[in-house]
Amino acid sequence: MPTTPKPASPTVVSQQQALLDSLPFSDTQDFEDATRGKIAAREPNAVTDAHGNVVWDNDTYAFLEGDAPDTVNPSLWRQSKLVAEQGLFEVVEGIYQVRGFDLSNVTFIEGTTGVIVLDPLIGEETAAAALALYREHRGDRPVTGIIYTHSHVDHFGGVKGVTSQEDVDAGRVQVLAPEAFTEHAVSENVYAGTAMGRRAGYMYGAALARGPQGQVGAGLGQTTSVGTTVTLIAPTVDITTTGQEETVDGVRMVFQMAPGTEAPSEMLIYFPDHRALCAAEDATHTLHNLLTLRGAVVRDPHAWSKYLTETIDLFGDDLDVVFASHHWPTWGRERAVEYLSLQRDLYAYLHDQTLRLLNKGLVGTEIAEEIQLPPALENAWHARGYYGSVSHNVKAIYQRYMGWYDGNPAHLWEHTPVERAKRYARLAGGVDALVANAREAFDAGDFRWAAEVANHAVFAQPDHAAAREVLADTYEQLGYGSENGTWRSVYLSGATELRSGNFGTPTATNAPDIIANLSPEMLFDAVAIQVDGPRAWDEKLTIDVVVTDTDQRYRVRLANGVLTYSSAAQRDEPDATITAVRASLPALAAGSPDALAAAGIEVTGDPSALGRLTSVLDPGDPDFAIVTP
């Protein structure tokens, strides 16, 4: 099968022109804001790890100049040009951002003796490069504080690139985060981390070539750094209530809690001496995700909109600038409040209209076609669906309230994708007939139908070359037309795998620092979800885990294919007892005597008990198939 990209079809070219004619492309305010306060760029931008491997290179987006080519949605092209602007920027005097060094921004707030680092990117290497750029132009100020606005890895993973565990332990650096931050930061990257990581490779187009026929940006940021060292230092100060005030290195901060919005654990921060609001990720220059394509718990747009109302009420009268952990700031009180208000209305409108229509009997896919944003939101660039989309957010809201079942009995017990595909092939008169039908739909510009039909053909007969070719061609055209950066990346990643083979998971977030922060309970849960139930049906064992440095004791039990645990006192003796300090507990997952000995873990009782447990574990597959069975 040809592996080189193909040109945009007439259908896509016409679609791109229609969008150019309908949106206010003459509005250049965002371009002024995205470059305002720029102090310097990093030239060249390539960031490498300790072995010389490039983990980030924003210069690969240098092609984003001039008008959009036919192969890129012009609205997404505009957004990517804005997001690709990299360097050190002054937000207001005393607050600086480095943008374009990873998916997210890192912010530096200057204090009396040093600098506070807010949201230190995904990895150690990119965070260190950002700090070096800041220090080059603002002086070699020591880091005196760290703030995590929320529990996603692009807002904490680079912390050890800007400070050390030793400085935190010695009290030289405070680490502030919203309540339950560590629990959510760790659990998201461990429990479903393998599947999320695999899908994130699609979502961010990590394996795609960058260019007009490849990856052009993810809407929220250009893409994620790849191969960086993900780190974590646990918070030393928990922010628990709205209105809580803290002062670090002379910098006054007022916090607003916003759990369950863009992240399960999230907070906004007002800096009264700077009249500046950090909106975290609750107000950015895009419609955000309510259900990210990599997978997550569905977020609450109703709460999201209410928190933004509270933000305006709390800080709107005393506001000169709003900045966030992505994109560029918005200056001026009136503009800032209007921006926050439109963002608030965006999430409220999607929530309320989805509920209105589901109560009329429409299902998620129907509501997604029915909803149209009001003109004020449709024409606000920061409300466009570059990262989240109206389509998949509406379906997420439906899922949040109604679940996966749409009420139609025909959908209650469907065949698996492969079995459905085989039956569709028989219905069509064979796979060749399916392929012919898909090609006919492709030629007519009905790419949605072509994708559905060709997908059945590939799942019915994965090695059918013509089926793979028409499906890859279809995904490519759908990608070219997508305004949403993650949709484009998903479609083009699918085409890439069909043409070139499985590219696996480019970035894994279940790093050693993440695993080390698992509580004993979370570690047991992480092990429990790896138990191969049928293989463990007839296995029965108990292991006591004694954690010496925290004076905790647990009974872990495997029976009926289920691993459970309890901290209650037990009457009977276990098969084995494990004695360890908390930091060494992750070595239990390895189970080998050498790994246990190296971690200083003592095992007494039946030495085979732990081996019997680990023998029934079935870890996830980071390379599982997506576009083929």
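Tutor: The account below begins with a sheet and its helix, and then turns to the other parts.

This is a predicted model, in which local features need pLDDT of at least 70 and side-chain atom pairs count only at pLDDT 80 or more, while totals for chains, interfaces and linings use all residues. Residues are numbered from 1 along each chain as its sequence is written, and side-chain values use heavy atoms, with hydrogens and water left out.

Helices (H or I, at least four residues) and strands (E, at least two) are DSSP runs, numbered from the N terminus. Two strands are said to pair if DSSP finds at least two bridges between them. On that basis, an open sheet of six strands has the order β11-β12-β13-β14-β15-β16, with mixed pairing. Its edge strands, each pairing on one side only, are β11 (245-248) and β16 (330-331). Within the sheet, β14 (residues 276-278) and β15 (residues 321-323) are parallel and share three bridges; leucine 277 has valine 322 of β15 as its bridge partner.

Helix α8 (residues 301-315) lies across β12 (251-257), β13 (267-271) and β14, at about 145° to β12. Axes are lines fitted to C-alpha atoms, for helices over the stretch in contact, and angles run from 0 to 180 degrees between N-to-C directions. Contact means heavy atoms within 4.5 Å. The expected span of a helix is 1.5 Å times one less than its number of residues; for the 15 residues of α8, the reach of 21 Å from first to last C-alpha is close to the expected 21 Å.

Buried means under 20% relative accessible area, exposed over 50%, and partly exposed in between (1.4 Å probe, protein chains only). The buried residues of α8 include Pro301, Trp304, Leu308, Ile312 and Phe315. An α-helix has 3.6 residues a turn, so residues three or four places apart point the same way. The cover over the buried residues of α8 includes β12, β13 and β14, together with α9 (333-358) and α12 (390-402).

Another open sheet has eight strands in the order β1-β4-β5-β6-β7-β8-β9-β10, again with mixed pairing. Its edge strands are β1 (38-40) and β10 (237-239), and the twist averages 25° from one strand to the next. Two bridges join β1 to β4 (residues 87-92) in the antiparallel sense, and lysine 38 has phenylalanine 89 of β4 as its bridge partner. Helix α4 (residues 124-138) lies across several of these strands, including β1, β4 and β6, running at about 35° to β6.

A nonpolar core is a set of buried Ala, Val, Leu, Ile, Met, Phe, Trp, Tyr and Cys residues joined through side-chain atoms within 4.5 Å. The largest such core has 75 residues, and Phe108, Ile146 and Tyr148 have the most contacts inside it. Helix α4 gives the most to this core, with six residues. A second, separate core of 41 residues includes Leu342, Tyr347, Leu357 and Ile371.
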